[in-house]
Amino acid sequence: MSDKKYNVIVIEDDPMVAQIDRMYVEKTPELEVTGVFANGLEAIEFVKKNNVDLIILDYYTPFMNGKQFLTKLREEHGFDSEVIMVTAETQFDEVRKMYSLGVIDYLVKPFDYNRFQKAVDRFLLIKEGGNKKNVNQEEIDKFFGTSSFKTEEKVLVKGIQKKTLNIFMNYLNANVNVPLTCDKITADINLSVVTVRHYLSYLVEEGVVTSEINYSTGGRPCIIYTYSGN
């Protein structure tokens, strides 16, 4: 895993939502919020002068909506920053247009942290993949979200492999009722932090693991995961 920090900006006119977006982004050590803007006009000027790797973009903002912002970003200025939409806009035609303008994920408000983290993991996967000259079919399928892995019992969700899941479960069974962080698990089982986050999100959704935010670290809040063994 690279120690590189990716620069992120948030475009959101609701201060409370903007603060939540920022908090969610800053839970990922590889990401750093370098700007929060209430509208796309301000953000465009910032992007012109600064390197921006990822944009968290609301569709409905003053002066220009998300589609207008993306059109300016791509067609007029040629910037290739990755974009995650965070919005209440659910008309399919608009959703389709956003993807055609290079949006890598589309989150409908309200959303929870686990879903937000999946979008961030997709961004990190794209960045990691960019370091490779060639990719295999499995990596391509994972990138486009089309992979599925079969076990004898059932088909697991996209991106979840039985072998890796077994590694997780063996580790958790050895740490029943022990509060764990993503960094701790990553160090102990020697998998990438992106993979660990993906499997933790899956296990939380399945009700196998519980999660809570720990604000008592004195620094950036972290998420504590616990497996009860049930």
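At roughly what angle do the axes of helix α3 and helix α4 cross? Before getting there, a word on the model: it is predicted, so local features need pLDDT of at least 70 and side-chain atom pairs count only at pLDDT 80 or more, while totals for chains, interfaces and linings use all residues. Numbering runs from 1 along each chain as its sequence is written, and side-chain values use heavy atoms, with hydrogens and water left out.

Now the helices (DSSP runs of H or I, at least four residues, numbered from the N terminus). The axes of α3 (residues 66-76) and α4 (residues 92-100) come within 10 Å and cross at roughly 20 degrees; axes here are lines fitted to C-alpha atoms over the stretch in contact, with angles from 0 to 180 degrees between N-to-C directions. That makes α3 roughly parallel to α4, a label for angles under 35 degrees. G66, K67 and L70 of α3 meet E94, K97 and M98 of α4, where contact means heavy atoms within 4.5 Å.

Buried residues make up 44% of the 230 in the chain, buried being under 20% relative accessible area with a 1.4 Å probe, protein chains only.

Key: Helices (H or I, at least four residues) and strands (E, at least two) are DSSP runs, numbered from the N terminus. Angles under 35 degrees count as roughly parallel, over 145 as roughly antiparallel, 65 to 115 as roughly perpendicular and the rest as oblique. Buried means under 20% relative accessible area, exposed over 50%, partly exposed in between (1.4 Å probe, protein chains only).
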